[in-house]
Amino acid sequence: MRKLAQELVERAGQSPGDVAVIDAEGAHTLGEVVARAGEIADLLDRSLAGAPTVLVQADNTWRTLAAAIAVGLRGGLVAVISGHAARSEYDLALEDIQPDAVIASPHAVETWQVDDAGLPVVGEAFPGWSLRAAASRRTRGVERWRGGVAIAMTSGSTGRPKCVVQSEESIRYAGEATIAAVGLRPGDPVGAFVPFSSVAAFCFGLYLPALLGSPVVCLDKWSPEDAVVLLRDEKVAWTMLVPTMAMQLSLVPGSSGALTSLRAMTVGGGPMNARSLESAERHLGTRFLRVFGMSECLGHTTPLPSEPPEVRLGRDGRPFPGTELRVVGDDGAVLPLGEVGNVQVRGPSLFVGYARNGAPVPPELTPDGFLPTGDRARINDDGTLNILGREKQVIIRGGRNIDINEVEAAVAAIPGVAQVCVVPVSDDLLGERAAALVVWSGDPLDIDGVRRELAAADFPKFKWPEFVYPVPHLPQNRVGKLDRSGAVSLASSLVGGDAAAEAR
């Protein structure tokens, strides 16, 4: 973060009155944010010898930017964690990151039961927020991070959150590539509605607008109604949302034509249906850019705002300049265009590794440097990508494998379906059955109606969902992505409720 910090200090000296952040507390100028960052950096310097690794409670306010700048001024590494994180998540961060200092609110300190002896208070970072530093008063240095400057948690397929280590070069590359693709200009307000504690939000919601010289418009707690108001009133030019959040905007009363200031809205990180996206963007008065990326290789594909809807909404973009994507078969051989296989990526935004015991564990790459993403896809003749789901996302019903992504795509094509999530529910006889949670934009269909539509589309009968439940919204995790575990729990409870009702 040193490079960005130095740039912002220089910019603050020239234009201190420029707005850097707009949050629930109001507008905060660049001069104010940099001044506070300087005070925190001085406190770190007085409290610790050496460049520090600092664990920061990240909320979507000016405080996160100021803390990141402060750590950058000290040549350190900033690790972000949600203020809503449980103690177990904090303990995991301590184990994996082994920070030299912690910046947090009183509520977080109490929830996490921060060790007063090991991390005593050395001063106030923000009003009411403490800065705690290692009792040894020495850091472990940042050489241990092998060029990493930022760490954020991401949920892993194993169920154990992973601490992803990114270099400033990677973050900067992803930000600059996005700025160029969208056509953003200095001063264009950027919306930050996904929590800064996520890897993508830290890069695209915090670093990108600071790099661009633009105000970041923050929403600390997700509310579709509040988001529409902020996007409209602050004339936000670009933002990035996960599909569930983007679709919720279109369901807000009075949102028709409300987002005409948006040059584009990048949408990624979950299942998407082209028809639903087109309906939503037409209603909101903006353009969606459907992308593919991951915490380990930030935002590595995008379409352009100028491209037609069938490209922007029906595909998942093209790689950023300098990033390479390929699709391989089970034997690792590269497949021809149009064939479906496993996705691998290589490029400048590849992460340093996962933090473990205070150092990054490098990713497992192919011999020629590609990272297997765990996704299935095909590359089209024009170089665009179509992500077709995870490699291992199936329902096993009576010994037959049912591809969840295929069922979701079939249900999503039914008129009136805004969003759908298909999950397995346990069954004593068949092992698993398919249940569909559906958010309807119009009058909902019952299960018989859904089956009629699937039959008319000639979708194989053995793949039809055996339970269909209308829901006001799909379960989401803390960063707004689809929470499949929560969806399984919800569907299982609904199926169990139906069974109990039948028994009565």
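Buried means under 20% relative accessible area, exposed over 50%, and partly exposed in between (1.4 Å probe, protein chains only). The legends below describe a predicted model, in which local features need pLDDT of at least 70, side-chain atom pairs count only at pLDDT 80 or more, and totals for chains, interfaces and linings use all residues. Residues are numbered from 1 along each chain as its sequence is written, and side-chain values use heavy atoms, with hydrogens and water left out.

**View 1. Salt bridge between Asp96 and Arg356.** A salt bridge is a side-chain nitrogen of Lys or Arg within 4 Å of a carboxyl oxygen of Asp or Glu. Here the closest N and O atoms are 3.3 Å apart. Asp96 belongs to helix H4 (residues 87-97) and Arg356 to strand S19 (residues 353-356), so that the pair links distant parts of the chain, 260 residues apart. Helices (H or I, at least four residues) and strands (E, at least two) are DSSP runs, numbered from the N terminus. Asp96 is buried, with a relative accessible area of 1%, while Arg356 is partly exposed at 27%.

**View 2. Salt bridge between Asp100 and Arg144.** The closest N and O atoms of this pair are 3.8 Å apart. Asp100 sits in the loop between H4 and strand S5 (101-104), and Arg144 in the loop between strand S7 (129-133) and strand S8 (148-154). The two residues are 44 residues apart and link distant parts of the chain. Both Asp100 and Arg144 are buried.

**View 3. Salt bridge between Glu408 and Arg484.** The side chains meet at 3.0 Å, N to O. Glu408 is in helix H12 (residues 404-412) and Arg484 in helix H14 (residues 484-503), 76 residues apart, again a link between distant parts of the chain. Glu408 counts as buried at 5% relative accessibility, and Arg484 as partly exposed at 21%.

View 4. The structure holds 24 salt bridges. Thr302 counts as buried at 12% relative accessibility.

**View 5. Helix H1 (residues 2-14) against helix H2 (residues 30-47).** The axes come within 9 Å and cross at roughly 130°. Axes are lines fitted to C-alpha atoms, for helices over the stretch in contact, and angles run from 0 to 180 degrees between N-to-C directions. H1 and H2 are therefore oblique to each other; angles under 35 degrees count as roughly parallel, over 145 as roughly antiparallel, 65 to 115 as roughly perpendicular and the rest as oblique. Leu8, Val9, Arg11 and Ala12 in H1 meet Leu30, Gly31 and Val34 in H2. By class, this contact has 5 nonpolar, 1 polar and 1 charged residues (Ala, Val, Leu, Ile, Met, Phe, Trp, Tyr, Cys and Pro count as nonpolar, Asp, Glu, Lys and Arg as charged, and the others, Gly among them, as polar).

**View 6. Helix H1 against helix H3 (residues 62-73).** The axes of H1 and H3 come within 8 Å and cross at roughly 110°, and the helices are therefore roughly perpendicular to each other. Arg2, Ala5, Leu8 and Val9 in H1 meet Leu65, Ile69, Gly72 and Leu73 in H3. The contact of H1 with H3 has 6 nonpolar, 1 polar and 1 charged residues.

Technical notes:
Contact = heavy atoms within 4.5 Å.
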